[in-house]
Amino acid sequence: MAILEVKNLNLGFQFEEVFRQALYDVSFSLEKGKMLSVVGESGCGKTMTAMSILGLIPKTARIISGEIYYNGENLLANSQKKMQQVRGGKIALIPQDPMTSLNPLYTVGDQLLEVIRIHQGLSGDEAWKKAVEAFEAVQIPGAKSRLKNYPHEFSGGMKQRAIIAMALACNAEILIADEPTTALDVTIQAQIMNLLNDIKVNNGTSILLITHDLALVSENSDDVAVMYAGRIVEKAPNKEFFNNPNHPYTKALLKSLPSNRGEKLETINGQPPTLSQKIDGCKFHPRCENCMEICTQKVPSLDIITDCHASACFLNNI
């Protein structure tokens, strides 16, 4: 059962007199107790999609159309006050940079207690007990004493664990993890992903993972969606995605992964388009080795090619 559904989300930015569209009919669903990874190069629209779910888009951005359903409720129809209750309480964000996500002027414990007070309505000993339990759940040693520390006394990995603890303390049903392992070393990355998987399995929490790291995706996700230039170009369950990639962009991404066979790494020619670049047809066609004339004229629809596997490419019709 889907706990989160994004349907035909279209969003753009106002640049003085010019409006540039950034997201095009983005649609996907997140199943309860599952991890969905949204992958793609920087600037493809992954983070903006996540921010749209949370109602945290910039002032220059505007949602043109679409729907975002959480447990059957359209979040885009909510007031700001209602969204504040959902955000953090029901849907929590694990931000890209844990280094700047905590206020350096307050102890980590004070910040966690504030979150618990706002979203759980607890105070005093009850709130403190909840905070200790949250720290213990994310495997921060010496939880009671570490709650009294300031952010600068935490390592990058510990800061990320503290952010995750805040989500757990509020009993969030959905975690949106936006590049949660950025700037962390490989060992700590593995620890954070193991922690997220434990939360998913033990708490039934649903996780939307925003990442460009396909190695993390292959080891952790249940389902995968690939974005390019503001569009979803492929969706599939994890095993199907890696065993039978379909879209030329997906295949190119996978070919660029390091292997154990000593083969030379392949690269994707060119760069993803900027918002100001006008490209007719499929926006990947300038970089695509399989480009056909129709690719320069029309945008391919995201069609089901096999059970639970969808791809947006004209090669599917040949």
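Helix H7 (residues 186-203) lies across strands S3, S6, S7 and S8 and runs at about 140° to S3, where contact means heavy atoms within 4.5 Å, and where axes are lines fitted to C-alpha atoms, for helices over the stretch in contact, with angles from 0 to 180 degrees between N-to-C directions. Helices (H or I, at least four residues) and strands (E, at least two) are DSSP runs, numbered from the N terminus. The model is a predicted one, in which local features need pLDDT of at least 70 and side-chain atom pairs count only at pLDDT 80 or more, while totals for chains, interfaces and linings use all residues. Residues are numbered from 1 along each chain as its sequence is written, and side-chain values use heavy atoms, with hydrogens and water left out.

The sheet to which these strands belong is open and has 8 strands in the order S6-S7-S8-S3-S9-S10-S12-S11, with mixed pairing; two strands pair if DSSP finds at least two bridges between them. Strand S6 (91-94) and strand S11 (303-306) stand at the edges with a single partner strand each, so one side of each is left without a neighbour in the sheet. From one strand to the next, the twist averages 25°.

Strand S3 (residues 35-39) pairs in the parallel sense with strand S8 (residues 206-211) over 5 bridges, and Leu36 has Leu208 of S8 as its bridge partner. S3 also pairs with strand S9 (residues 223-228), again in the parallel sense, over 4 bridges, with Ser37 standing opposite Val224 in S9. On its other pairing, S9 joins strand S10 (residues 231-237) in the antiparallel sense over 6 bridges, and the bridge partner of Val226 in S10 is Glu234.

S3 is mostly covered, since 5 of its 5 residues are buried, a term that means under 20% relative accessible area, with exposed meaning over 50% and partly exposed lying in between (1.4 Å probe, protein chains only). In a regular strand the side chains alternate between the two faces of the sheet. In S3, Met35, Ser37 and Val39 point one way, whereas Leu36 and Val38 point the other way, and all are buried.

Helix H6 (residues 156-169) likewise lies across S6 and strand S7 (174-178), running at about 175° to S6. H6 also packs with helix H3 (residues 108-120) at an angle of about 20°, the axes being 9 Å apart. H3 is therefore roughly parallel to H6, on a scale that counts angles under 35 degrees as roughly parallel, over 145 as roughly antiparallel, 65 to 115 as roughly perpendicular and the rest as oblique. From H3, the residues Val108, Gln111, Leu112, Val115, Ile116 and Gln120 meet Ala162, Ala165, Met166 and Ala169 of H6. This contact of H3 with H6 divides into 8 nonpolar, 2 polar and no charged residues, where Ala, Val, Leu, Ile, Met, Phe, Trp, Tyr, Cys and Pro count as nonpolar, Asp, Glu, Lys and Arg as charged, and the others, Gly among them, as polar.

The axes of helix H4 (residues 124-137) and H6 come within 8 Å and cross at roughly 125°, and H4 and H6 are therefore oblique to each other. Their crossing is right-handed. The contact is made by Lys130, Ala134, Phe135 and Ala137 of H4 together with Ala162, Ala165, Leu168 and Ala169 of H6. By class, the contact of H4 with H6 holds 7 nonpolar, no polar and 1 charged residues.

A further open sheet is formed by 4 strands in the order S2-S1-S4-S5, with antiparallel pairing. S2 and S5 stand at its edges, each with a single partner strand, so one side of each is left without a neighbour in the sheet. S4 and S5 pair over 2 bridges in the antiparallel sense, and the bridge partner of Tyr69 in S5 is Asn74.

Most residues other than glycine have a negative phi. In strand S2 (residues 18-31), which contains Asp25, the phi of Asp25 is near 45°, a positive value in a residue other than glycine. Asp25 is partly exposed, with a relative accessible area of 42%. Asn71, found in the loop between strand S4 (61-70) and strand S5 (73-74), has a positive phi of about 50° although it is not a glycine. Asn71 counts as partly exposed, at 44% relative accessibility.

Technical notes
A crossing is left-handed if the near helix is turned anticlockwise from the far one by less than a right angle, and right-handed if clockwise.
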